[in-house]
Amino acid sequence: MAEYLISSEALTLLFQQVLPHLAENQRRYFLGAHARMLGYGGVAEVARMAGVDRGTVQRRALEIDRGIEVTRRVRRPGGGRKPAEEVEPELRPTLSGLVDPESVGDPERLTRWTSKTTRKLAVALLKLGFKISHTTVAGLLADMGFSLQAPSKVLAGSCHLDRDDQFRYLIGEIARYQAAGEPVISVDGKKKELIGDFANGGREWRKVGDPIPVNDHDFPNGVPKAVPYGVYDITKNTGWVTVGASSETATFAVNAIRRWWEATGSKVYPNSRKLLITADGGGSNGYRNRLWKVEIAKFAAETGLEITVCHYPPGTSKWNKIEHRLFSHISMNWRGRPLGSYEAVVNLIASTTTSAGLRVEAQLDWNTYETGTKISDEEIAALPIYRHMFHGEWNYTLEAPVAA
């Protein structure tokens, strides 16, 4: 019997307290070292006190006698479960074919589901006879160069042949007007918003468990809507938004520009006799909208301004500066808040600011604007309109009538 340096009870307590915190390989070497420390009979005693197999302690004690190689491995090389793709060599090509049929040279093969989640892929592989879990599928996909990706909006679609040339022309006009100190504005209508206790996308800081209660469904029929139309001064970095309660027509759009000029533009540019408007190619301010041109001509006659309009080419509205310099900041300012009234919409718009110094004014427009107004060819022919040499349908100037 071994002569213990410490009591059997103390050594048993040591094993109980330490072994649960060690990795498998560490536990075995720990027990082997104590067996050698106890001397003759130590292997049997350590195995009994630790409650492990005697052979396990014996093998580690012999390895200690031969010298232990310092390593961070938990198991010896070659130990543990083999990777799934080694056990089943056909796993990788089968998985690749399920996720991306074209990668295995079979463009006609179609997957039998619409959502390629790791769980559904694992179920499909199980049906084919492979033993695999969804976590293993995720690891294999990462090793094979796959990742979770959303569609990328990079395809421009059917672009007009003169798309880039129109951008250059528009940029040149903006630079020319700014150099002369003349006002340049970007205009557009923002998305209509429901008025009432309706959910608004986004989140804001509130006490835990105290969200703002809103309706569980949106029922647009009969619900009042806010119709924001914006005017963004590109040079001064200021915005004006008219919030309507009727329809977004060309008359409403030009009236919003008129309100901006009366309240702000004429004061900031008191000596200007020209105005450049950049606008989308469609909607209430579209280049094909006859009423838009008629209303702009009326505005020019009222103010004595020579008004030039340059439209963005079709399908390029995202480059309109008002979208990312004004409207995006308004959306962020009221995120997560229901728009309970028209006054709330106006106040939230007017409180929009940015670190770049953006200032915004907002005003309600309770007028009713009728839709479906028809403009005859004769009315268009009578307009004081000068179409530019380059794409006159996109670039034109409406001149104020000369006083007699």
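**Close-up 1. Leu 11, Leu 14, Phe 15 and Val 18 of α1 meet Phe 30, Leu 31, His 34 and Leu 38 of α2.** Welcome to the first view of this predicted model. The contact of α1 with α2 is made up of seven nonpolar residues and one polar residue, with no charged residues. Helix α2 covers residues 24-38, and its axis and that of α1 come within 12 Å, crossing at roughly 165 degrees. Angles over 145 degrees count as roughly antiparallel, and α1 is therefore roughly antiparallel to α2. The crossing in which α1 passes α2 is right-handed.

**Close-up 2. Helix α1 packs against helix α3 at an angle of about 60 degrees.** Here we stay with α1, residues 8-18, and bring in α3, residues 42-50; their axes are 9 Å apart. With that angle, α1 and α3 are oblique to each other, and their crossing is right-handed. On the α1 side, the contact uses Ser 8, Leu 11, Thr 12 and Phe 15. Their partners in α3 are Val 46, Arg 48, Met 49 and Ala 50. Sorted by class, the residues of this contact are five nonpolar, two polar and one charged.

**Close-up 3. Helix α3 packs against helix α4 at an angle of about 130 degrees.** From α3, the contact takes in Val 43, Ala 44, Val 46 and Ala 47. From α4, look for Arg 54, Val 57 and Gln 58. The residues joining α3 to α4 comprise five nonpolar, one polar and one charged. Do keep an eye on Val 46, which takes part here and is also among the α3 residues that meet α1.

**Close-up 4. The second largest pocket has a volume of about 330 Å³.** A lining of 13 residues surrounds the second largest pocket. Which residues lie nearest its centre? They are Lys 116, Leu 141, Phe 146, Ser 147 and Leu 148. Two elements, α7 (118-127) and α8 (134-143), each give two or more residues to the lining. Helix α8 provides the largest share, three residues. Taken by class, the lining of the second largest pocket consists of seven nonpolar, four polar and two charged residues.

Technical notes. Residues numbered from 1 in each chain as written. Predicted model: local features only at pLDDT ≥ 70, side-chain atom pairs only at ≥ 80, totals over all residues. Heavy atoms only, no water. Axes fitted to C-alpha atoms, helices over the stretch in contact; angles between N-to-C directions. Helix = DSSP H or I, 4+ residues; strand = E, 2+ residues; numbered from the N terminus. Parallel < 35°, antiparallel > 145°, perpendicular 65-115°, else oblique. Left-handed = near helix turned anticlockwise from the far one by under 90°. Contact = heavy atoms within 4.5 Å. Nonpolar A, V, L, I, M, F, W, Y, C, P; charged D, E, K, R; others polar. 1 Å grid on protein atoms, 1.4 Å probe; cavity = no way out; pocket = protein on both sides within 12 Å on 5 of 7 lines; lining within 4 Å. Points joined across faces, edges and corners; volume = space filled by probe spheres on them.
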